[in-house]
Amino acid sequence: MQPIRPLRASSLRVGGLLSRTGLPISRTSQAFQTSGRLARVIQHTHAPLVQTRQNSVDAYPEKAFKRRVQLIEEAVAEPYPRLASNKNTVSCAEFRGRYSHLADNEIVEDDTVVINGRVRTLRLVGGNLIFFDLLHDGHKIQVMCNRRRLKDIPPATFKQFYRMLRRGDAFSVTGNPHRTERGELTLLATELPQLLSPCLHDIPVDAQGQENSPYPRHVQFLADPETVNVIRARSAVVQYLRQFFVDRSFMEVNTPIIEAVAGGAIARPFHTTATEFPDRQLSLRIAPELWLKRLVVGGFDRVFEIGPSFRNEGLDKTHNPEFTTCEFYHAYANLEDLMTTTEQLLSGLAEHLTAFHKSSPFKKPNQEDTPLPFSHLNFSAPFRRLDFITSIEQSIEQKLPDLTSPDALDQVKAIFRDRNHALPDKVTLPRLLDELCSIYVEPQCIDPTFIVNPPECLSPLSKSFIHPTTNQRVAARGELFIEGREVVNTYEEENSPFEQRRKFEDQVRYSKQADEAEEIDESYLKALEWGLPPTGGWGCGIDRLCMLFTGITRIGDILPFGNLRKVTTRADAAAEGQAAEGKEI
């Protein structure tokens, strides 16, 4: 079937059209009308129908939609019934586990079970036999519906049933466990399956492998199993991280998202106001770090948080302004402890996801020997380590200047000029050093590699020391890179309120050089006065970590509903685009 242009389902209801304001348009101007119970049921829900692209032999989506509604009305009296309780109800996974021992052609007529799920595929064999697959929680069971085995079901009723059946419909099926002659575990229906909720649109057949899908995310999930697998893998990553820290006696906490001063990182925040305090400028957090360290000051020695942060910056394949991070803080832990913990976590995660893939019900039968996206990487501990300054100096074959000297910025600019490297936007010393690392050091990090001991100016929240080889003032910090991308950032926390004030002041100075607003978080400095024990901090971007372990190259594909551009597109704007497209038919 050839797909035709998308239907503006957000402006379409059975029995009525909606304007962009959500108000009904006069019935005299409706494209079509329907009658009957289904039309009344949908009309009274006040909920827009699923927005999707149609696949139909009919010339126009309105006509296909109307015909679909009529087929349902003819087949069932109540298309949206309440779900009844039944002690015989089992999931598809439970059914497979309980009856996996059945031999070919065996039927357990003494067992009557009920399975609920959505129709994934269907095939009609003659006029009295239909097979369809029910999908529930990623597990699939074949249903065989033979009219001759059903009680008091005339041919006309059975015909209405199979003409109404569509991919995406939710059904409840009662029957006996059976294994077919070909060895397929099957539910042999003893009653006509009950419709629980119809899918009013044809699920698209062209939704897989598109760079920019025209379909809403929920339609992609219905049409393309790969998108579902990615989100389930993301869930497995998050669950593993959470359990890893819980098993090591860390306490999970939730810290504020709205705050007065956005601290914990160098980034441009989102600003907002509260009705209660209209004169205060508030910010969405750019990192939870300073809140978590306040908890350590308060006596919570092991804390972690998995949650969102926000940075009002660029949007590309690897960056989204809203992103998820995992951070932990461990009192009385140093950089070596932190890097060892990182090695344990990622080595274990690689093993966990390998097992997850092998036991996953979501992979295709022909994927048994397909290499995993991360199988070419070596996660065996210990990970390789590269020193930030010495690695750059080896690559450029010269020493870096004293980075605390007044003319350090000019001398580093000269290095860029001598090597014909373009200067980054809004030049500051930290940005130039970071750019040199990205040019000369990060590309060396294919297998998991720590880049350690960066210059102090690059890490204002970490403790610093004089490097024994270069005599530069460096941070007690390690950044883990895999395939040239940063995955983990970890360091010993600066716990001196006096040193931290000095570093905050340096940070403000660098921000002014870049024409960016930055202010000192005085409340955090006050908290440090109460005593922060020697503490190790650790942060990881969940989205990028999931991209690494799933092989996904665009951050929007690892998020349940896509990037900021997708989730902020207004329904009326999408409808206008579809209307313009429809005029071209």
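## Nonpolar cores

A nonpolar core is a set of buried Ala, Val, Leu, Ile, Met, Phe, Trp, Tyr and Cys residues joined through side-chain atoms within 4.5 Å, where buried means under 20% relative accessible area with a 1.4 Å probe and protein chains only. This is a predicted model, in which local features need pLDDT of at least 70 and side-chain atom pairs count only at pLDDT 80 or more, while totals for chains, interfaces and linings use all residues. Residues are numbered from 1 along each chain as its sequence is written, and side-chain values use heavy atoms, without hydrogens and water.

The largest nonpolar core has 44 residues, of which F245, L346, F379, L545 and F549 touch the most other members. Domain 2 (211-331 + 537-579) and domain 3 (373-531) both contribute residues, so this core lies between them; the domain bounds come from an automatic or database assignment. Another core, apart from it, has 32 residues, including F65, V69, L150 and Y162.

Leaving out residues up to four places away in sequence, F549 touches L346, L349, A350, L353, P373, F374 and F379; contact means heavy atoms within 4.5 Å.

## Residue V246

V246 is in helix α6 (residues 225-247); helices are DSSP runs of H or I with at least four residues, numbered from the N terminus. V246 counts as partly exposed because its relative accessibility is 42%, between the limits of 20% and 50%. V246 and F304 are 58 residues apart in sequence, with a C-alpha to C-alpha distance of 9.1 Å.

Terms used:
Helix = DSSP H or I, 4+ residues; strand = E, 2+ residues; numbered from the N terminus.
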